[in-house]
Amino acid sequence: MRLTPVCRWCGAGPLAPTLSFTTPTKVLDFGCGPFHLHACQACGTWQLNPHPGPKASRRFFSGPERWFMGVDPDGKHVKPIELLEGQREEYSEYAKTITALLPENGAIMDVGAATGLMLSLIDDPRAKVAVEPNAFPATVAMREGHMVIQDWAEALSPPPKPLACIIMNKTLDHLPRPDQFLAKAVNWLAPGGLLLLGGLINPSCLTARIYGPDFRLFHPFHQVYPTPAAVDKVLTPYGLELVTTWRPYFQTPHGSPVKFLKTCGFIALRCLKLSPVSISKAFPGNTVTYLYRKRILFRPLKVETPVTSSLSA
Ligand SMILES: [Zn+2]
């Protein structure tokens, strides 16, 4: 476990202890002992501190069984590979927007691509690269016809040519140092290139504020929780502009009008301290997906002052 003196989102700080978890306080036993969340006083991002470091993180994400066995925050057994297919509708919305805005040249790279579902949904014939460290989904992505780099995000080398789009769906917040990865990746984008950061968990959302430690998405391998303001604070100085955001819920397997109304009831009961539900439910705003675009900078041409000379007259 590593203690980070500075914020792993904005690089500043200081970090103030905010919430601590011992595993029995949540339904799940993550098998990694207690974890602690600190909030950055400069940007508001919450983060694990100390963080588990790349070795523990790689062990957690590289096992093939990870795609077939899992337990959700309610204690239900789930198959992540099936949950991924359930995200088709949500990912289709992102893909449609991206397809319409792609700059003319450059490949598309999906970092943490899993089976390459998102790349398959982008209706464009250009080269698509799936970066996926886990051998099982990487093989599926290869069968789907994508170029696959089976490696970790932090180990990537710069691409040979500027990229039209970088996609990171539910990936950036799992990296031990997302700040360092972003600083690198922004340079790989072509002018007008797109950056999709999908499913970042918002610690200032309604249910996180009401449920505190019982918010369903606090997890020792969700290492960084930037608020929308913190995302903007870090990405804007890189020359990125926000195109749009999504708060996925109704188009996911976790959301429906009936579930929404039920959850509103649970929230009201929780506020009145009458709730039988200890862990919060899925709710709009728990996660935010951001689409940014690298600005096309038009540098003003040097204005030539016409030289007038009495000699030419
Ligand atoms: Zn910060």
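1. The bond from Gly-13 to Pro-14 is cis, with omega near 0°.

2. Basis of the note. This is a predicted model, in which local features need pLDDT of at least 70 and side-chain atom pairs count only at pLDDT 80 or more, while totals for chains, interfaces and linings use all residues. Residues are numbered from 1 along each chain as its sequence is written.

3. Overall content. The chain holds 9 helices and 13 strands. Of its 313 residues, 36% are buried; a residue is buried if 20 or more other C-beta atoms, placed from the backbone, lie within 10 Å of its own, exposed if 12 or fewer do, and partly exposed in between. Among contacts with a separation of 6 or more, 72% link residues 24 or more positions apart, a contact being a pair whose C-beta atoms, placed from the backbone, lie within 7 Å.

4. The sheet containing β1. An open sheet of 4 strands runs in the order β1-β2-β3-β11, with antiparallel pairing. Because β1 and β11 (224-225) stand at the edges, each with a single partner strand, one side of each has no neighbour in the sheet. Two strands pair if DSSP finds at least two bridges between them; β1 and β2 (residues 35-40) are joined by 6 bridges and run antiparallel. Within this pairing, Leu-15 stands opposite Cys-40 in β2.

5. A further cis bond. Pro-50 is placed in the loop between β3 (46-48) and α1 (53-62). The peptide bond from Asn-49 to Pro-50 is cis, and its omega is near 0°.

6. Positive phi at Lys-170. Although Lys-170 is not a glycine, its phi is positive, at about 50°. The residue lies in the loop between β9 (163-169) and α6 (178-185). Lys-170 counts as partly exposed because it has 18 C-beta neighbours inside 10 Å.

7. Positive phi at Lys-273. Is Lys-273 buried or exposed? Lys-273 is exposed, since 6 other C-beta atoms lie within 10 Å. This residue other than glycine has a positive phi near 60°, and Lys-273 is found in the loop between α9 (257-271) and β13 (287-294).

Notes: Helices (H or I, at least four residues) and strands (E, at least two) are DSSP runs, numbered from the N terminus. Two residues are in contact if their C-beta atoms, placed from the backbone, lie within 7 Å.
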